[in-house]
Each structure stands twice: as structure tokens, then as C-alpha cells.
Amino acid sequence: MGKVVLVTGAARQLGGRFVRRIQRDPEVDRVIAVDAVTPGHRLGDADFVTADIRQPAIARVLAEHSVDTVVHLDVSAKAVGTGGRTTVKETNVIGTMQLLGACQKAPRVRRLVVKSSTNVYGSAPRDPAVFTETTPPKSLPSGGFAKDVVEVEGYVRGFARRRPDVAVCVLRFANILGPEADSPLADYLSLPVLPTVFGYDPRLQFVHEDDVVDVLGIASREPRRGTLNSGTFNIAGDGVLLLSQCSRRLGRPTVPLLLPAVTWVGQALRTVGMTDFSPEQIRLLTHGRVVSTVQMRETLGFHPEFTTAETFAEFARSQGPGLLPPEAVGRTVDRVAAMPFAGAGGDGPGITGAGDTYPTPSSGT
């Protein structure tokens, strides 16, 4: 008999894609897709179970279907449907607690994969140039999705200590982008004009949706010879992009604002429902974040198909043309960068050209 895989967050686009992909694995006999809401997309031959992971009933689902592999994808910065921030936090934190409690009591469970985020490192002015999996954050996130993933990973570590017989894999994804990206950062980049923090040009990393699905497949199977898929891994595409380069390639002008003004704009955008411009996202757009992917390559054995620049290009094509031609945006940004006050206080390299990307130091990329 093959493996029985349970996937949470099946109503999300990413969850649905992984459910359809894992069914093609010859080692998998059945796939149990779980979510509190009915998916609006097809799930192939998977068995869909309507269940809220915040409720103890998830333990019954694990037992009834003799699940041996759990892939927990219901950790997200955005709610499905009309749910707000409270619903998101409860699903991320309380839902993870309930799911791990159910896994602890399920003797057949042998592998757990958890979707996390590089948000766990936060974004601060004195951050190191590159975070490794063992680098502690300079400042722990005080709220929002970043704090959620810190708590989620804490519960996962506790579970791993209590069930040492279970192979646990935590994947810290950089900003996920692609044609179907659904995240606060994707919403921000979809705005016709991008508000930015005056004097800062943060470095950003992206990972393509296709690569996310591929690495989840690697993490949910037995490790290949010479690799190990238990532990914590940063997942990101090669290289980095500056926010100014992103705006050029989108053809969207930027409006540099002083930090207090950016906060006010963020509050206004949240009020009208255009995007969740949260304080943690403002910190990312101020200080940026870059992670090492050495362990992803050398230990996990995963090599992304898309670089950061290629991932962003796929996203940009899905957005259509911006308000201005990319060349015009580039010339404007270059003129601003040439001013004496531009870049003061920034933490990234200077702006040199629209086609430049900067490799991730010490990441082997």
C-alpha cells in the first residue's frame, strides 16, 4: 500500500496545485485534501474533507484515513474569502497547534512538512547581509504574519522533540510570486503607483510558484540518496532584485515618501481594501531581506528552475503593461538616484541600471 498524504489549505491556489501534483507521485496511494471552505478549483482524484484545523475534529480525519504524511500549507498572510486578520492568525497559530496535537496522537504519522516563511527573520536596519537558517533575527517580529510564523515554528520544534520518530521538514519560503500569486506583496506590486520609503532601496528575493510545488514534493517523499529532507531550509531563487528594479520592470512609477507618510498611506490602502500594507511589509520595503540557500542545494538537494529575476519576469508578464514604459521609469529612477540626498540611510547597493541583479553573497548562487 502506498502513502496516504493529508494536505491542509487545499482551498488556496498553492494548496490546490500541490494536491494535483502529489497525486502523480507513484509512491502515493491516496491524497486527503482538507480545508474549512470548499475549493473553487479542481483537486483531481483527491478526497476532499471539509474540516477546520482549528477544531479537534482534525484528529479524527487523521485516524479515519490512516494518514502517514502531513503537508501543512495552511500558514498564510492572507485569509481565504472574507476572513480578516483575526481569522488568519487563528488558522496559522491555533490551527497549527491543533494539527500538531492530532499528529502527536496519530501513531501512523511518519512525516510532517510545514510551509513557513523567511518573514521569521524579520527586517531591521542592523540585519546581516544574508540570513542563514541558524542566524537569529536582530529584532523579533512584534506582530502580523511574521510573528505567526515564529510561533508556528516554535510549536513545530516542540512537536519534533515529542515525536522524534517523525521526520519534520520546515520550508522557509522567500516571497512567492508567479502568474497566480496571492500575497500582500503581490497586491502591493500590482498597484498602479508604488509608494516607497524615501532614501531606501531594499534587496528582495523571490521564489516561483512552480518551484514551491516542486520542493514540497521533495520534502514530502523519502530523501534521495545523498540528501536529507528533515530540518529547516531557506527556499529562494538565485540572486536578488532591488525594489527600484522591480518598479522599472513593471513599468510602475514609485512615489518616495517619508516613513510616517508611508505608514499613513498603508493605513489608507488597508481601509479601502486595496492591499494589506502592514507594518511588517513596510519594514521589508525599507530594509529588505536576503537569505542563504546553501542548505537548500547541498542538503535538501533542490535546485530552483527559476531565478529571482526570472520569477519576477513571470509575475510582471501576468500583470500587463504599467502606467509608464519601463525605459521611462528607469530614467526617472536614475535621475532621483543621482541626487545628493538619494539613498541616504539605504541598506542595499546603489542603483546602477535596470537590468542589473545582485547575486546572493555566500549562498552559492
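Accessible areas here come from the Shrake-Rupley method with a 1.4 Å probe, and for residues only the protein chains shown count as cover. On that basis, the chain has an accessible surface of about 15600 Å², with 55% of it belonging to carbon and sulfur atoms.

Before you click further, note that this is a predicted model, in which local features need pLDDT of at least 70 and side-chain atom pairs count only at pLDDT 80 or more, while totals for chains, interfaces and linings use all residues. Residues are numbered from 1 along each chain as its sequence is written, and side-chain values use heavy atoms, leaving out hydrogens and water.

**The whole chain**

Colour by secondary structure to begin. Of the 365 residues, 52% count as buried, where buried means under 20% relative accessible area, exposed over 50%, and partly exposed in between (1.4 Å probe, protein chains only). Contacts here are heavy atoms within 4.5 Å. Among those between residues at least 6 apart in sequence, 81% join residues at least 24 apart.

**Stop 1: helix 1**

Select residues 13-22. Seven of the ten residues in helix 1 are buried: L14, G15, G16, R17, F18, V19 and I22. Show their surroundings and you will see these buried residues packing against strands 1, 2, 4, 5 and 7, and against helix 6 (209-220).

**Stop 2: E209**

Now move to helix 6 and pick E209. With 7% relative accessibility, E209 counts as buried. Leaving aside residues up to four places away in sequence, E209 touches R17, I176, L177, G178, P179, E180 and A181. Draw a distance to A181: its backbone nitrogen lies 2.6 Å from a polar atom of the E209 side chain.

**Stop 3: salt bridges**

A salt bridge is a side-chain nitrogen of Lys or Arg within 4 Å of a carboxyl oxygen of Asp or Glu. The structure holds 20 of them.

- D25 and R221, whose closest N and O atoms are 3.6 Å apart. D25 is in the loop between helix 1 and strand 2 and R221 in the loop between helix 6 and strand 11, so the pair ties together parts 196 residues apart in sequence.
- K89 and D148, at 3.1 Å from N to O. This pair links helix 3 with helix 4, 59 residues apart. D148 is buried at 0% relative accessible area, whereas K89 is partly exposed at 31%.
- R297 and D238, at 2.1 Å from N to O. R297 sits in helix 10 and D238 in the loop between strand 11 and strand 12.

**Stop 4: a surface patch**

Which residues form a nonpolar patch on the surface? Select I94, M97 and Y155, which together have about 250 Å² of accessible area. Patches are made of residues with over 30% relative accessible area and no salt bridge, joining like charges within 9 Å and nonpolar side chains (Val, Leu, Ile, Met, Phe, Trp, Tyr) within 5 Å. M97 belongs to helix 3 and is partly exposed at 40%.

**Stop 5**

Go to S66, in the loop between helix 2 and strand 4. Its phi is near 50°, a positive value in a residue other than glycine. Finish at residues 243-250: helix 7 has seven of its eight residues buried, and just after it G251 takes a positive phi of about 75°.

Conventions
Helices (H or I, at least four residues) and strands (E, at least two) are DSSP runs, numbered from the N terminus. A polar contact is a pair of N or O atoms within 3.5 Å; within protein, one must be able to donate a hydrogen and the other to accept it, and residues adjacent in sequence count only if both atoms are side-chain atoms.
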